[in-house]
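These are my notebook entries on a structure that was new to me.

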Amino acid sequence: MKYMKGLKCRECAKTYPLDPIHVCELCFGPLEVDYDYDNIAKVLTKDLITGRAPNMWRYRELLPIDAEPSVGLNSGFTPLIRAYNLGEALGVKELYIKNDAVNFPTLSFKDRVVSVAISRAIEMGFDVIACASTGNLANSVAANSAACGLDSYVFVPYDLEQTKITGTIVYGTNLVGIKGTYDEVNRLCSEIGGKYGWAFVNINIRPFYAEGSKTFGYEIAEQLGWKLPQHVIVPMAGGSLITKIWKAFKEFKALGFVDSAPARIYGAQATGCAPIVTAVKEKSELIRPVKPDTIAKSLAIGNPADGFYSARTIRDSGGWAEDVSDDEIIEAMKLLAETEGIFAETAGGVTVGVTKKLIEQGRIARDESIVISVTGNGLKTQECLAGKISEPPVIEAKLAEFDALVDGGKMKKAAIK
Ligand SMILES: *Cc1c(COP(=O)(O)O)cnc(C)c1O
Ligand SMILES: [Zn+2]
């Protein structure tokens, strides 16, 4: 049974074959995978899904590959945690965290999109995988290409966090640092892709890649007991993930897997790079590019490819968007760590910080169900805490020294300032 009909322009609906292309030649609109939902509905059931292994491929009929996946057999199905402590701190009744900080193998949600992109690239006959990245995509492309024996090229702004550089090079990829912003890296990669004929996961095969993000949304619905939450807060870089979570919810609804009212979707960015949030707040259709300046480097895309559609998703779903400063990001990372024991990267600080703001503004009701998307791991962005951690006490290995240190509960512990 075939589940994909082809590619289709999101603007003018012109159809295309399932090739490595991403822009409509008529109107320059983005291309999207066009599914045969009738065929999918004949096969896919909740029972079939729950009977499958707990990974992102349990929804495979809704993902854009023809045969068996080549990578990602352990990606996805990350925990959805009922966050009682953080809920109490924020003053809300029913709070959850979808935790892709522990997604396999590279500890961010990017392993979902890369698993789909590489599996599809192999079906299309590519033998080199490449990407333009703000960090997490670099890690994931390098790791997953290595795991299936493919050569890879990874292009990043040269001033990324060292952990993200190390966590890319270790897999034996060809990493190139570019003197410029992500947006300049991306522009260069479009030229390289055309000339060298490589599969750039987030450029020429972007329509396939982007579909992998839907699994984040499917899992939220399934893990809530086949129900949609009332509010979901999502970090935005290029703005793809947020549109795909919305799409996932709509697909589950159309297939009859959930019958809840639609969720409201909220976008989160750092104040130092908030082109989508600004458009939402100004009720504008236009995304004005910005030059990023924030510690949330994984979200630092000044000219977001899916900015227009993410603003529309937020509007259509009845949600809203907010941004938080670098200080608020660190505060929120601390809050999440201290209440739930989850060390998220800066992007997680953005999402938690924005959630707090939206609740305080009264935009999210305190007695309704809320899911916060945590998309990356704090161990990868430790630089943001450099100079902000006080020194832990150091003593000789002698009980007397420890006694003196704790003396009546007066120990000064190390902490993030
Ligand atoms: C890439 C990334 C995002 C956002 O992804 P888009 O689909 O480009 O909006 C969110 N969080 C983290 C940690 C990321 O690496
Ligand atoms: Zn078109």
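**Entry 1: Lys 283 and the loop around it.** I began with Lys 283, which counts as exposed because its relative accessibility is 68% and the cut-off for that word is over 50%. I keep in mind throughout that this is a predicted model. Lys 283 sits in the loop between α11 (275-281) and α12 (307-317), and when I looked up its backbone I found a phi near 50°, a positive value in a residue that is not glycine. I noted beside this that most residues other than glycine have a negative phi, and that most peptide bonds are trans.

**Entry 2: Ala 13.** I then turned to Ala 13, another residue that is not a glycine and yet has a positive phi, here of about 70°. Ala 13 belongs to the loop between β1 (4-9) and β2 (15-16). Is Ala 13 buried, partly exposed or exposed? With a relative accessible area of 41%, Ala 13 is partly exposed, because that value falls between the limits of 20% and 50%.

**Entry 3: the zinc ion.** Which residues donate to the zinc ion (ligand 2)? I found four protein donors, the SG atoms of Cys 9, Cys 12, Cys 24 and Cys 27, at 2.2 to 2.4 Å from the ion. In sequence the donor residues follow the spacing C-x2-C-x11-C-x2-C. The angles among the 4 donor atoms of the zinc ion run from 97 to 119°, and the site is tetrahedral. For four tetrahedral donors the ideal angle is 109.5 degrees.

**Entry 4: ligand 1.** For Ser 240, a polar backbone atom is 3.3 Å from an oxygen atom of ligand 1. Taken alone, ligand 1 exposes 380 Å², and the protein buries 96% of that area.

**Entry 5: a cis peptide bond.** I checked the bond that leads from Phe 104 to Pro 105 and found it to be cis, with omega near 0°. Pro 105 lies in the loop between β5 (94-99) and α4 (110-123).

**Entry 6: two helix residues.** Asn 39 lies in helix α1 (residues 37-43), where its side chain makes a polar contact of 3.1 Å with the side chain of Lys 42. Asn 39 counts as buried because its relative accessibility of 13% is under 20%. Ala 210, in helix α8 (residues 206-211), also counts as buried, at 6% relative accessibility. I looked up what lies across from Ala 210 and noted Val 33: the two are 177 residues apart along the chain, while their C-alpha atoms are separated by 9.5 Å.

Terms used. Residues are numbered from 1 along each chain as its sequence is written. Chains are lettered from A and ligands numbered from 1 in the order in which they are written. This is a predicted model: local features need pLDDT of at least 70, side-chain atom pairs count only at pLDDT 80 or more; totals for chains, interfaces and linings use all residues. Side-chain values use heavy atoms; hydrogens and water are left out. Donors are N, O and S atoms within 2.8 Å of the metal (3.2 Å for Na, K and Ca); water is not among the atoms, so sites may look incomplete. Four donors count as tetrahedral if all angles lie between 85 and 135 degrees; four count as square planar and six as octahedral if opposite donors are over 155 degrees apart and all others between 65 and 115; anything else is irregular. A polar contact is a pair of N or O atoms within 3.5 Å; within protein, one must be able to donate a hydrogen and the other to accept it, and residues adjacent in sequence count only if both atoms are side-chain atoms. Accessible areas come from the Shrake-Rupley method with a 1.4 Å probe; for residues, only the protein chains shown count as cover. Helices (H or I, at least four residues) and strands (E, at least two) are DSSP runs, numbered from the N terminus. Buried means under 20% relative accessible area, exposed over 50%, partly exposed in between (1.4 Å probe, protein chains only).
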